[in-house]
Amino acid sequence: MKLKKEFITHESDGEQILVSSDTKAFSGLVRSNSTAAFIVNQLREETTIGQITDAMAGEYDAPRDVIEKDVARIVEQLNSIGAIEGEVQ
């Protein structure tokens, strides 16, 4: 899975904004905290939920089960707006 190229990110004042250049697909914006921004940045390259979880576990001091839930929730939200291409895995 990977973030679709039509979705563009911009970071400002510690917040990431995600917008679609294809307004037919999604006509809104998504504001992300640092955790969600980390996940979005991981999705710039082909990856899996497991790989994102591993990367977050190396970056953040949090229980792995909490990280797994956060990654799954954010990936599902991104998938629901059509921001992810490929099979969510």
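From the N terminus on, the elements of the protein chain follow the order β-β-β-β-α-α-α-β, giving three helices and five strands; helices (H or I, at least four residues) and strands (E, at least two) are DSSP runs, numbered from the N terminus. The model is predicted, so that local features need pLDDT of at least 70 and side-chain atom pairs count only at pLDDT 80 or more, whereas totals for chains, interfaces and linings use all residues. Residues are numbered from 1 along each chain as its sequence is written, and side-chain values use heavy atoms, with hydrogens and water left out.

The C-alpha trace of the protein chain spans about 40 × 30 × 20 Å along its principal axes. Of the 89 residues, 31% count as buried (under 20% relative accessible area, with exposed over 50% and partly exposed in between; 1.4 Å probe, protein chains only). Among contacts (heavy atoms within 4.5 Å) with a separation of 6 or more, 47% involve residues 24 or more positions apart.

The largest pocket has a volume of about 160 Å³. A pocket is an open set of points on a 1 Å grid over the protein atoms alone where a 1.4 Å probe fits, with protein on both sides within 12 Å along at least five of seven lines, and lining residues have an atom within 4 Å of a point. The volume is the space filled by probe spheres set on the points, which are joined across faces, edges and corners. Strand E4 (29–32), helix H1 (34–42) and helix H3 (64–80) each supply at least two residues of the lining, and the largest share, four residues, comes from H3. The lining includes Val30, Asn33, Val40, Arg73 and Ile81.

Two individual positions were also examined. His10 lies in strand E2 (residues 7–12) and, not counting residues up to four places away in sequence, touches Glu15, Gln16 and Ile17. Arg44 is found in the loop between H1 and helix H2 (49–59) and counts as partly exposed, at 38% relative accessibility. Leaving aside neighbours within four places in sequence, Arg44 is in contact with Lys2, Thr9 and Gln16. Arg44 and Gly14, 30 residues apart in sequence, are 19 Å apart in space, C-alpha to C-alpha.
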